[in-house]
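Trainee: I have this one open and would like to walk through it with you. Start wherever you like.

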Amino acid sequence: MFFCLWLVALYSQSNHSGISLLDDPQEITGVKNTYAVVVGVSNYKNADMPQLQYADDDAQFLYNYLIDSRGGNIPVSHVQLLTDSAATWNRIWNEFVKKINEAKSGDRFIFYFSGHGDAYNAEDSYLLGYDAPAGDKNLYLGNALPIYQIKSRVKEAEAR
């Protein structure tokens with residue numbers, strides 16, 4: 001559902017060749033600021049929910065990359081990391097809305113989610129935070145993140 005694009009420069013010099021991150025990707029892309037919400041849920045509150053092994057680690061890895069000066073070089077205040085018990089549906093949604101509203105024209109917004117999702121059809125699909133109920137779509141309203149709401153907020157932000 002969500003794609004993340006990273007700029008990588010291939011270069012070849014007389015004394016060094018390989019792949020490296022661009023020195024200043026914002027300068028090349030024209031992006032003013034980057035804001036991100038990074039979520040990873042491996043350990044769910046509900047015992048009936050299958051537990052995952054690496055979703056929280058993947059989110060931590062991406063977060064570390066985004067704030068590293070050799071990576072995304074994004075200010076820590078622009079990136080919110082939520083893993084496991086901190087990644088409740090309400091906290092995810094609040095941080096999503098907060099960060100997407102901080103982004104202005106010319107800025108970039110990244111939303112990364114690693115964890116369970118559930119879909120009944122294209123209009124009825126959800127991302128499941130730490131406290132999501134297992135397997136009953138009737139319980140998802142108010143307890144999971146509807147993808148249509150995420151898409152709607154992104155479209156609103158693009159229109160600004």
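Mentor: Start with a rule for pairing: two strands pair if DSSP finds at least two bridges between them. Also keep in mind that this is a predicted model.

Trainee: Fine. Which residue in strand 5 is the bridge partner of Val-38?

Mentor: Tyr-112. That contact belongs to a set of 7 bridges joining strand 3, residues 34-40, to strand 5, residues 108-114. The two strands run parallel.

Trainee: And how many bridges pair strand 3 with strand 4?

Mentor: 5 bridges, again in the parallel sense. Strand 4 covers residues 79-83. Ala-36 stands opposite Val-79 there, and Val-37 stands opposite Gln-80.

Trainee: What order do the strands take in the sheet?

Mentor: 4-3-5, in an open sheet of 3 strands. From one strand to the next, the twist averages 5°.

Trainee: Where does helix 2 pack?

Mentor: On the sheet, where helix 2 touches strand 3, strand 4 and strand 5. The direction of helix 2 makes about 160° with that of strand 3.

Trainee: Back to strand 3. Is strand 3 buried or exposed?

Mentor: Buried: 7 of the 7 residues are, so strand 3 is largely enclosed by the rest of the structure. The cut-off for buried is under 20% relative accessible area.

Trainee: Which residues sit on each side?

Mentor: Thr-34, Ala-36, Val-38 and Gly-40 are on one side. Tyr-35, Val-37 and Val-39 are on the other. Both faces are covered. In a regular strand, side chains alternate between the two faces of the sheet.

Trainee: New topic, the core. Which residues touch the most other members of the largest nonpolar core?

Mentor: Val-39, Ile-92, Phe-111 and Leu-128, out of 24 residues. Strand 3, helix 3, strand 5, strand 7 and helix 4 each give two or more residues to this core. Helix 3 gives the largest share, 5 residues. Apart from this core lies another, of 9 residues, among them Ala-59, Tyr-63, Leu-66 and Val-79.

Trainee: What does Leu-128 touch, leaving out residues up to four places away in sequence?

Mentor: Its contacts include Tyr-44, Met-49, Phe-113 and Tyr-140.

Trainee: How many aromatic pairs are there?

Mentor: 4. Phe-96 and Phe-109 form an edge-to-face pair, 5.4 Å centre to centre with 80° between the planes. Phe-96 is in helix 3 and Phe-109 in strand 5, 13 residues apart. Phe-96, at 1% relative accessibility, counts as buried. Phe-109, at 22%, counts as partly exposed.

Trainee: What about Tyr-126 and Tyr-140?

Mentor: A tilted pair, at 4.9 Å centre to centre and 55° between the planes. Tyr-126 is in strand 7, while Tyr-140 is in the loop between strand 7 and strand 8. Both are buried.

Trainee: Which residues do ring pairs link into a cluster?

Mentor: Trp-93, Phe-96, Phe-109 and Phe-111.

Trainee: Last one. Where is Ser-125?

Mentor: In strand 7, residues 124-127. At 6% relative accessibility, Ser-125 counts as buried. Leaving out residues up to four places away in sequence, Ser-125 touches Asp-118, Ala-119, Leu-145, Pro-146 and Ile-147.

Technical notes
Residues numbered from 1 in each chain as written. Predicted model: local features only at pLDDT ≥ 70, side-chain atom pairs only at ≥ 80, totals over all residues. Heavy atoms only, no water. Buried < 20%, exposed > 50% of the residue type's maximum accessible area, 1.4 Å probe, protein only. Helix = DSSP H or I, 4+ residues; strand = E, 2+ residues; numbered from the N terminus. Axes fitted to C-alpha atoms, helices over the stretch in contact; angles between N-to-C directions. Contact = heavy atoms within 4.5 Å. Core = buried A, V, L, I, M, F, W, Y, C linked by side-chain atoms within 4.5 Å. Phe/Tyr/Trp six-rings, centres within 6.5 Å; stacked < 30°, edge-to-face > 60°.
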